[in-house]
Amino acid sequence: MTAVRRPSGFAAPAGSAGWSGSGSPSDHSGSSRTTPAAGQARLPGRSLLRVGPVSLLIRRRATLVAVVLAVLLLLAVVLSLSLGTPYVAPADVLRALSGAGTPYDLVVFDLRLPRVVLAAVAGAAFGVAGALIQSVARNPLASPDVIGITQGAGLAATVALTSGAAAVLVAPSALVGGLLAAVLLFALGARHGLAAQRFVLAGVAVAFAFRALTEVVMLTADPIDGLRAQIWLIGTLAGKGWTEAAWIAGTLLVLLPVLAWAGWALNSTALDDDTARGVGLRPVARRIGLAGTGVLVAATVTAQVGAVDFVALVAPQVARRLVRAERPPLVCAALLGALLLVLADLAGRRLFAPTQLPAGVLTAAIGGPYLIFLLLRGRRRSS
């Protein structure tokens with residue numbers, strides 16, 4: 001959904017959808033309404049909803065996909081709360097969530113719900129971060145785990161875990177490491193207006209450098225501490241819950257106005273700089289703002305749940321293909337990221353029960369084949 005405001009001093013073409021002119025409604029009373037069928041015919045697949053001086057452009061397919069993903073996410077949450085030892089029937093899960101009171105309230109609310117909520121919130125954050133970074137980079141392979149944000153957080157967390165620091169310092173250290181990686185990334189990629197190709201290449205270089213330093217720290221550390229760091233680097237939701245979910249959700253809420261702006265500003269990322277400046281935009285400032293928001297979200301969620309790879313890579317591009325859009329849609333990417341991580345965590349808990357696999361192992365199992373698919377698809381197109 002995109003907000004379109006009529007620029008002052010410019011006249012809209014006659015009959016243009018959403019703007020008053022000859023043959024179009026000119027009611028400025030502030031009431032909400034959609035344009036007539038004739039106007040919608042000029043915008044296939046879209047609807048215009050006028051709210052005073054602002055017109056809201058609604059993509060009908062994107063709305064439908066978002067609704068379907070929301071329903072699938074709800075089903076995945078109920079399934080995750082149901083499966084386990086003991087098994088809780090979905091009807092009992094729904095009764096417990098409604099507050100009706102069941103013998104399984106302890107299992108649902110205290111043992112499973114915190115982890116499921118964390119998976120949903122973290123997956124949504126990964127989806128948003130990936131959508132922002134891929135849109136700025138104009139590259140479907142760009143994600144926080146490719147451009148060095150995850151590796152910076154991993155290095156800082158590894159240092160904290162192997163140096164005897166208190167457990168409460170691991171997440172703040174990882175956040176600082178991710179942000180420092182972002183600063184280095186912007187410093188290397190800021191020339192030529194944060195050009196897309198330079199941004200991605202700088203990110204790959206930062207990722208390799210931090211990954212190498214992480215391996216050095218782990219090899220020189222105590223084996224037990226090195227194993228703890230390795231589990232963190234894989235990414236797991238075990239032993240985590242409300243606290244981590246609150247940090248991630250709080251960050252998303254604070255950034256909500258920025259994310260609302262980003263959803264509108266992403267429409268201009270496909271324009272070249274000269275065209276963007278010609279229509280009155282500031283492309284460099286927009287790219288920095290969008291990329292900065294993406295890396296902040298990525299660093300925050302990685303600090304809380306570890307390096308869960310490939311969710312930020314897969315979710316935006318699958319959402320873009322479902323919506324058939326030119327750029328990853330934020331809402332659909334967030335819903336799909338949440339769905340992927342909830343299902344990955346459920347599979348990690350149940351596939352080899354009683355042994356539990358970290359969620360990062362399952363997301364890598366999904367992301368690896370998808371990455372190969374992208375590479376093969378790009379090769380066929382080039383040939």
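Colleague: Let me start with one residue. Is Ala156 buried or exposed?
Modeller: Ala156 is buried, because its relative accessible area is 18% (buried means under 20%, exposed over 50%, partly exposed in between, with a 1.4 Å probe and protein chains only). This is a predicted model, in which local features need pLDDT of at least 70, side-chain atom pairs count only at pLDDT 80 or more, and totals for chains, interfaces and linings use all residues. Residues are numbered from 1 along each chain as its sequence is written, and side-chain values use heavy atoms, with hydrogens and water left out.

Colleague: Thanks! Which helix does Ala156 lie in?
Modeller: Ala156 belongs to helix α5 (helices are DSSP runs of H or I with at least four residues, strands are runs of E with at least two, and both are numbered from the N terminus).

Colleague: And what does Ala156 touch?
Modeller: Leaving out residues up to four places away in sequence, Ala156 touches Ser173, Ala174 and Gly177 (contact means heavy atoms within 4.5 Å).

Colleague: Which residues of α6 are buried?
Modeller: They are Val170, Ala174, Gly177, Gly178, Ala181, Ala182, Leu185, Phe186 and Gly189. Two of these, Ala174 and Gly177, are among the residues that Ala156 touches. Helix α6 covers residues 170-189, and its 20 residues reach 28 Å from the first C-alpha to the last, close to the expected 28 Å (the expected span is 1.5 Å times one less than the number of residues).

Colleague: Back to α5. How do α5 and α9 pack?
Modeller: Helix α5 (residues 149-162) and helix α9 (residues 223-234) pack at an angle of about 150 degrees, with axes 9 Å apart (axes are lines fitted to C-alpha atoms, for helices over the stretch in contact, and angles run from 0 to 180 degrees between N-to-C directions). That makes α5 roughly antiparallel to α9 (angles under 35 degrees count as roughly parallel, over 145 as roughly antiparallel, 65 to 115 as roughly perpendicular and the rest as oblique). On the α5 side, the contact uses Ala153, Gly154, Ala157, Thr158, Leu161 and Thr162, and on the α9 side Asp225, Gly226, Arg228, Ala229, Trp232 and Leu233. By class, the residues in the contact of α5 with α9 are 6 nonpolar, 4 polar and 2 charged (nonpolar is Ala, Val, Leu, Ile, Met, Phe, Trp, Tyr, Cys and Pro, charged is Asp, Glu, Lys and Arg, and the others, Gly among them, are polar).

Colleague: New topic: at what angle do α2 and α3 pack?
Modeller: They pack at about 105 degrees, with their axes 9 Å apart. The two helices are therefore roughly perpendicular to each other. Val78, Leu81 and Ser82 of α2 meet Pro90, Val93, Leu94 and Leu97 of α3. This contact of α2 with α3 has 6 nonpolar residues, 1 polar and no charged ones.

Colleague: How far apart are the end C-alpha atoms of α2?
Modeller: They are 33 Å apart, which agrees with the 33 Å that the 23 residues of α2 (residues 60-82) should span. Its buried residues include Val78, Leu81 and Ser82. Just after α2, Gly84 has a positive phi of about 145 degrees.

Colleague: What is Asp92 in contact with?
Modeller: Beyond its neighbours within four places in sequence, Asp92 is in contact with Thr102 and Tyr104. Asp92 lies in helix α3, residues 90-97, and is buried, with a relative accessible area of 15%.

Colleague: What about α4 and α15: at what angle do their axes cross?
Modeller: The axes of α4 (residues 105-137) and α15 (residues 330-350) come within 6 Å and cross at roughly 135 degrees. That makes α4 oblique to α15. The residues of this contact of α4 with α15 divide into 14 nonpolar, 3 polar and 3 charged.

Colleague: Last one! How many helices and strands are there in the protein?
Modeller: There are 16 helices and 4 strands. Of the 383 residues in the protein, 48% are buried. Among contacts between residues at least 6 apart in sequence, 68% join residues at least 24 apart.
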